Amino acid sequence: SLFVATVSLSATFVGGGSGMASMIFEQCGIAWATILMVLVAILTDRSLLLLCLCARRAGVGTIGDIVRASFGDWAAIGTTWAIFFFLFSACGGFIFLLDRFCKFY
């Protein structure tokens with residue numbers, strides 16, 4: 001369905017890798033998938049610009065330091081754990097996709 005394909009496309013760009021992009025284009029259609037890709041690219045660009053602006057104004061260099069300067073130590077610890085779990089999940093999703101589409105046995 002269109003909803004499932006849209007969620008899959010979003011998950012692909014968030015951390016699953018672009019290995020399933022061709023399947024998503026097939027399920028969504030080229031127009032809808034292209035619109036979503038452009039939207040994700042714009043949102044990613046804006047979020048990175050916002051992070052750079054925050055870092056420049058706070059005089060710090062890392063995401064943890066930005067959060068610490070804005071919200072305190074506990075928020076910095078929470079952000080560190082959130083990034084860890086996000087990367088851990090992204091790696092797990094990549095391994096799942098690799099196992100699903102590349103059978104080595």
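**Figure 1. Buried residues of helix α3.** The buried residues of helix α3 are A33, L36 and A55. The model shown here and in the other views is predicted. Helix α3 covers residues 30–58, which is 29 residues. From its first C-alpha to its last, α3 reaches 42 Å, close to the 42 Å expected at 1.5 Å a residue. Just after α3 comes G59, with a positive phi of about 75°.

**Figure 2. L48 on helix α3.** L48 is another residue found in helix α3. Is L48 buried or partly exposed? Its relative accessible area is 48%, so L48 is partly exposed, given that buried means under 20% and exposed over 50%.

**Figure 3. A nonpolar patch on the surface.** L48 also belongs to a nonpolar surface patch, together with L51, I63, I83, F86 and L87. The accessible area of these residues together is about 500 Å². Two or more residues of the patch come from each of the elements α3 and α5. Helix α5 gives the most, with 3 residues.

**Figure 4. The aromatic pair W81 and F84.** Across the whole structure, a search finds 4 aromatic pairs. In one of them, the ring centres of W81 and F84 are 5.7 Å apart and the ring planes stand at 85°, so the pair is edge-to-face; planes over 60 degrees apart count as edge-to-face. Both residues lie in helix α5, which spans residues 73–101. W81 and F84 are 3 residues apart, about one turn of the helix. An α-helix has 3.6 residues a turn, so residues three or four places apart point the same way.

**Figure 5. The ring cluster around W81 and F84.** Which residues do the ring pairs link into a cluster? The cluster holds W81, F84, F85 and F88. How accessible is W81? W81 has a relative accessible area of 49% and is therefore partly exposed. F84 also counts as partly exposed, at 43% relative accessibility.

**Figure 6. The protein chain as a whole.** The protein chain has 5 helices and 0 strands. Read from the N terminus on, its elements run α-α-α-α-α. Of the 105 residues in the chain, 17% are buried. The chain exposes about 7,800 Å², and carbon and sulfur atoms supply 73% of this area. Among contacts in the chain with a separation of 6 or more, 33% are between residues 24 or more positions apart.

Methods. Residues numbered from 1 in each chain as written. Predicted model: local features only at pLDDT ≥ 70, side-chain atom pairs only at ≥ 80, totals over all residues. Heavy atoms only, no water. Helix = DSSP H or I, 4+ residues; strand = E, 2+ residues; numbered from the N terminus. Expected span 1.5 Å × (residues − 1). Buried < 20%, exposed > 50% of the residue type's maximum accessible area, 1.4 Å probe, protein only. Phe/Tyr/Trp six-rings, centres within 6.5 Å; stacked < 30°, edge-to-face > 60°. Patch = residues over 30% accessible without salt bridge, like charges linked within 9 Å, V, L, I, M, F, W, Y side chains within 5 Å. Areas by Shrake-Rupley, 256 points an atom, 1.4 Å probe, with all protein chains shown as cover. Salt bridge = Lys/Arg side-chain N within 4 Å of Asp/Glu carboxyl O. Contact = heavy atoms within 4.5 Å.
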